[in-house]
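Me: Could you take a close look at one helix for me, along with what lies around it? I would enjoy a connected walk through the details.

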Amino acid sequence: MATSFCHAQTPLSATDALKIAAQNRPALKSAKLGVEQARSASRALGAYAPTTFLIGASSRSELGSNDQDLQLSQPLDFFGRRRAGQRLGEAGIQFSLAEYVLLATDLQNDVLTAYAESVANQHQKEVAAELLKISEGLLIATQRRFDEGKVAETQVTRASIEFERAKQSAELTSADLNASLEKLSGLLGTETSSIALEADAKIEPLVNPAIDGRPDLLVLRSQVQIAEADAGVARVSNRPELSAQIVRSPWSNAPGYFAGRLQLSWALFDHGKARNESSAAKKRAESARKLLEDATGRARAEVKAAQIALEARQSRIARYEAILVSARDLVAKSQKGYSEGFGTQIDVLESTRALREVEQELVEARQQLSLAVIAQYRASGFLAEVLK
């Protein structure tokens with residue numbers, strides 16, 4: 001309960017949201033296990049060949065094995081098989097890491113998009129509450145002036161209508177906020193009651209976005225690496241095999257004796273298997289390189305486009321904030337004038353309508369800016385530190 005209370009009192013930042021999602025989402029934990037599985041598989045591929053112990057006996061000494069009745073054999077890697085396996089395992093790790101980054105990036109996009117929507121709804125709720133307060137003040141002032149016989153009853157009716165509209169708008173924005181918080185809590189894996197947001201919360205843009213961390217490029221690079229490693233494995237598959245052995249004379253020999261032995265075996269002709277496997281892997285690597293080249297060009301264009309959209313939205317917000325100051329000042333002056341008897345109700349209604357439009361457009365502009373930052377993250381492949 002204390003933890004929930006603290007969360008409720010502390011506004012949730014975008015980084016906090018990502019950190020909570022990283023801690024709570026089973027999908028991310030599954031992807032991390034996939035990376036650990038790839039590391040274990042890599043160690044298996046790069047392991048030394050097993051040491052073999054053989055022991056056996058025949059019911060008749062002239063049948064069956066002779067110097068293999070007792071044998072200890074250790075293959076020696078003089079021809080690069082183990083190193084080829086290590087390269088293949090390392091490529092598998094890179095592919096698994098790329099898959100993790102892909103899943104973590106998707107999670108980041110979903111969380112930040114839901115966060116931006118919830119922040120916008122929080123702002124809308126506060127705007128609706130402010131407009132409700134203005135409408136209520138207008139209704140009170142109109143009722144007072146009507147009681148004093150200074151205005152017609154129609155103005156009281158008009159003020160009542162505006163008050164009811166403002167009340168309905170406040171109720172709707174509150175429901176929208178609750179719905180978006182439910183969606184956000186599902187993405188974070190936490191309770192809605194533990195989420196508190198600020199209406200002016202921001203998602204910080206990148207200063208110098210790059211494309212090196214894009215998950216699609218990482219996947220393609222790892223596919224090139226895997227194909228090249230497969231080609232290496234195919235090349236060494238028909239190389240000689242050398243093993244060191246310790247053998248004992250047959251059990252029937254008395255006294256027995258031990259001796260060392262080097263065993264070399266070589267597949268003289270594999271009917272083109274290794275050559276064709278290597279050729280296929282090289283073509284697969286070249287195909288992945290072409291896809292990587294194409295994806296890299298598109299990624300650079302996406303980053304430039306995201307940067308243009310981001311700068312335009314930043315400029316738009318700066319202009320709207322200046323307009324908002326004037327709109328609020330206009331409402332305050334029109335309310336004061338109407339309350340003191342030298343202004344009209346129309347002045348208050350028009351200034352309030354202008355304020356409502358500016359506030360709503362500013363909310364939309366800020367949400368669009370957040371979405372532009374998210375698009376910049378996605379285009380550059382940026383992944384928050386808490387998700388790495």
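Reply: S278 is buried, with a relative accessible area of 7%; buried means under 20% relative accessible area, exposed over 50% and partly exposed in between, with a 1.4 Å probe and protein chains only. This is a predicted model, in which local features need pLDDT of at least 70 and side-chain atom pairs count only at pLDDT 80 or more, while totals for chains, interfaces and linings use all residues. Residues are numbered from 1 along each chain as its sequence is written, and side-chain values use heavy atoms, leaving out hydrogens and water.

S278 sits in helix α7, which covers residues 273-340; helices are DSSP runs (H or I, at least four residues) and strands likewise (E, at least two), numbered from the N terminus. Setting aside residues up to four places away in sequence, S278 touches A231, A234 and R235, where contact means heavy atoms within 4.5 Å.

K283 also has its place in α7, but K283 is exposed, with a relative accessible area of 58%. Together with R87, R235, R239 and K282, K283 forms a positive surface patch. R235, then, is both a contact of S278 and a member of that patch. Patch residues have over 30% relative accessible area and no salt bridge, with like charges joined within 9 Å and nonpolar side chains (Val, Leu, Ile, Met, Phe, Trp, Tyr) within 5 Å. A salt bridge is a side-chain nitrogen of Lys or Arg within 4 Å of a carboxyl oxygen of Asp or Glu.

Finally, the loop between β4 (258-265) and α7 holds H271. H271 is exposed, at 67% relative accessible area, and has a positive phi of about 60° although it is not a glycine.

Conventions: Areas by Shrake-Rupley, 256 points an atom, 1.4 Å probe, with all protein chains shown as cover. Lys, Arg positive; Asp, Glu negative; His and termini not counted. Charge placed at Lys NZ, Arg CZ, Asp CG, Glu CD.
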